[in-house]
Amino acid sequence: MKRNKQIDIKRALALAGTFTFLCSCAKACLLPFLTLYFRQQGLTPAMTGVVMGTKHLISLVWCPVASLLSKHYNKRRAVINGSLVCSAAVALVLLLIPPTDVHMQSSTCNVSDQSSSPTQSVGDHLLTSSVGRTASSTGTHPQINTAAVSQSGFTFPAKTLGDAESAPVPTSKTSLDPHDHEESHPRVSEKNVAVNNTEPKISSSVVFHTTGPLATLERNKRSKFKSGSEKQPEQEKENHFDFMSSLKVMDIQHQLFFLILITVSVWEFVSTPLEWTADDGLYEYLDFADASDHYSSTAVWGLLGAACGVAGAGSLVSQLSCLIAGQTPRSAVHFFCYAGLAALVLPLATFLPLYLNKKRDKANGLLKAVQLVRASPRALLCAVTTLLVGMAGSAVDNFLLWQMQDHGSSELHMGVSLSLALLSQAAFPLLVGRVSKLLSPGRVLAVGAACLGLQCFYYSFLWGPWAALPAQLLSCFSSGALWWAVTVQCDDVATPGADRSVRRVYSTLSVELGSGLGSFAGGFVVQKFGLEWLFRGVAVGLMVWCVCLPLLQWKAPRQRRINYSRLLAADASEASDSESEQERDWLDKAMADDKSNNNYGRRINH
């Protein structure tokens, strides 16, 4: 960019705001509902946690590297365009992976459509509808086949088994025998199911049954493997540790898990460079025009775009029937909205204001930011807080919609609740003046973490479709106030030019590292103890830290940062004062000389 070229700051900010709004809107159409889609596909909570944790860890490593490479080779615009196109294409590939059971998606859709009542639970609706149709078609008492895969408190309807065609897949210690598909009536664990002549009973565990296309493939593979093992036992021993043979005998659910894990990893690999690359280009453009103070104005557009996206996608999907275009579930609309908005952003990315400042070394900037955080005890306490908040936030992001679905919420309830949380977070700048007068940034940090703990504790006691709505108002403090306190801490620690790098250290600790570790741990906690205990455990952990945080802040020494800008201003004012004094001395001397000359002339004249 040439310096004589005129820069239109308002146009640049308008383009950047629109780009941020649409990108956030596209992500919000899909990402909040992604774990819900995994549940409908047949993944267990532990598998879902591993997928989401891997997604965050890939972003943690690849995002800085991709941004640095795009700057080094001056390919920022190409990276942005390629990320938009490839992320939309890979996201649609997830729709090509068949679920463990094609009937499960319609069952969950029926659950979300039904409104909860005080006399009949969601499980009763499901049991009545599924068993009633079976009994009428066969004329016999229904037989229920189940495999417990989750402790989330939600039960999907099981399919009646009248022959040996269906083969449930064991997914936990209370599952079926793996060879029960050869029998006419599989054995059922009494711990999960009790069936009598009058009324069927099912447990509170999630029930998955496998009668879809993957199930047929699994049965064929297992039968071939068994026949081959009977004829050639020696060859089976030789290939026992072979990777391909292990894939052949893998059950359907694990096949689905690895397919989704690979696809999501590729998706994150192509989509994660978008945010940092566009963000760096815009900041350097505004900094070149001496307008970097307007850079923060684009952040609010991201929150507003996310609020519109999640509410719009949720309301749109809730208005559709369970199956669209044949056997396509309506949850696929989330992926279509994401791809459509990504395509809409693509022409705008062509005009996005970008600038390459070759003098800035981002790698050294991040390393310097880490050193600045390590050197300050209060900054370290803030870093630990953001890490714990990120771990707790992953529990909300991954499994809140599961909890809401278990209590009868549809996509409409979910979208409105998440949108309210984002809007309340965006409204915190309106309250920052009063909050800063009442509380110090350190106390605001503790209050924000405590509010998140209260939200999690509230989520463990949901009772209806709209029950989560009041707790979303606390996001004004659990997200908005907390990140305002983090920003103040960044300003206290950062040296001139390193403030953005310090902020990225904190955001990476929370959004990527914390969320990744929390996803891994949260999935296994839900698998073992259930959704309610996950939220209660997170709440207790945050409350304990909020009690310890003020004490640690009081013990930590306060290091006063040297404000270089104030020193420069003071030096400039002192220099101006000395110059003005010299000017006054010179003027006084000149006036005195002139006065003496005038008096000397008067004496000569006289």
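Which residues do ring pairs link into a cluster?

1. Phe 428, Phe 477 and Trp 484 are the residues that ring pairs link into a cluster. This is a predicted model, and the structure holds 12 aromatic pairs. A pair of aromatic rings is described by the distance of the centres and the angle of the planes. For Phe 428 and Phe 477 the centres are 6.3 Å apart and the planes stand at 70°, an edge-to-face arrangement. Phe 428 is in the loop between helix H16 (411–426) and helix H17 (432–438), while Phe 477 is in helix H19 (residues 475–493), so the pair ties together parts that are 49 residues apart in sequence.

2. Phe 428 is buried, at 3% relative accessibility. Phe 477 is partly exposed, with a relative accessible area of 28%. Leaving aside neighbours within four places in sequence, Phe 428 is in contact with Val 435, Cys 476, Gly 480, Ala 481 and Trp 484. From Phe 428 to Ser 479 the C-alpha to C-alpha distance is 9.0 Å, although 51 residues separate them in sequence.

3. Another edge-to-face pair is formed by Phe 457 and Phe 461, with 5.2 Å between centres and 65° between planes. Phe 457 is partly exposed at 42% relative accessibility, and Phe 461 is partly exposed at 42%.

4. Rings also meet charges. The charged end of Arg 504 sits over the ring of Trp 276, 4.2 Å from the ring centre. Likewise, the charged end of Arg 536 sits over the ring of Trp 533, at 4.8 Å from the centre.

5. The largest nonpolar core has 62 residues, and Tyr 459, Val 502 and Tyr 506 have the most contacts inside it. Several helices supply at least two residues each, among them helix H12 (299–318), helix H14 (362–375), helix H18 (441–459) and helix H20 (499–528). The largest share, 13 residues, comes from H15. Not counting residues up to four places away in sequence, Val 502 touches Ala 369, Leu 372, Val 373, Cys 490 and Ala 494. Another core, of 30 residues, lies apart from the largest one and includes Ala 26, Val 50, Leu 94 and Val 264.

6. The structure holds 12 salt bridges. One of them joins the side chains of Arg 39 and Asp 406, at 2.9 Å from N to O. Arg 39 is in helix H2 (residues 34–41) and Asp 406 in helix H15, so this pair ties together parts that are 367 residues apart in sequence. Arg 39 is buried, with a relative accessible area of 1%, and Asp 406 is buried at 10%.

7. Lys 71 forms a salt bridge with Glu 284, where the closest N and O atoms are 3.8 Å apart. Because Lys 71 belongs to helix H3 (residues 45–72) and Glu 284 to helix H11 (residues 273–288), the bridge ties together parts that are 213 residues apart in sequence. Lys 71 counts as buried at 9% relative accessibility, as does Glu 284 at 7%.

8. Asp 499 is partly exposed at 24% relative accessibility, and Arg 503 is partly exposed at 30%. Salt bridges that share partners also join Asp 279, Asp 280, Arg 500 and Arg 504 into one network.

Terms used. Residues numbered from 1 in each chain as written. Predicted model: local features only at pLDDT ≥ 70, side-chain atom pairs only at ≥ 80, totals over all residues. Heavy atoms only, no water. Phe/Tyr/Trp six-rings, centres within 6.5 Å; stacked < 30°, edge-to-face > 60°. Helix = DSSP H or I, 4+ residues; strand = E, 2+ residues; numbered from the N terminus. Buried < 20%, exposed > 50% of the residue type's maximum accessible area, 1.4 Å probe, protein only. Lys NZ or Arg CZ within 6 Å of the ring centre and 35° of its normal. Contact = heavy atoms within 4.5 Å. Core = buried A, V, L, I, M, F, W, Y, C linked by side-chain atoms within 4.5 Å. Salt bridge = Lys/Arg side-chain N within 4 Å of Asp/Glu carboxyl O.
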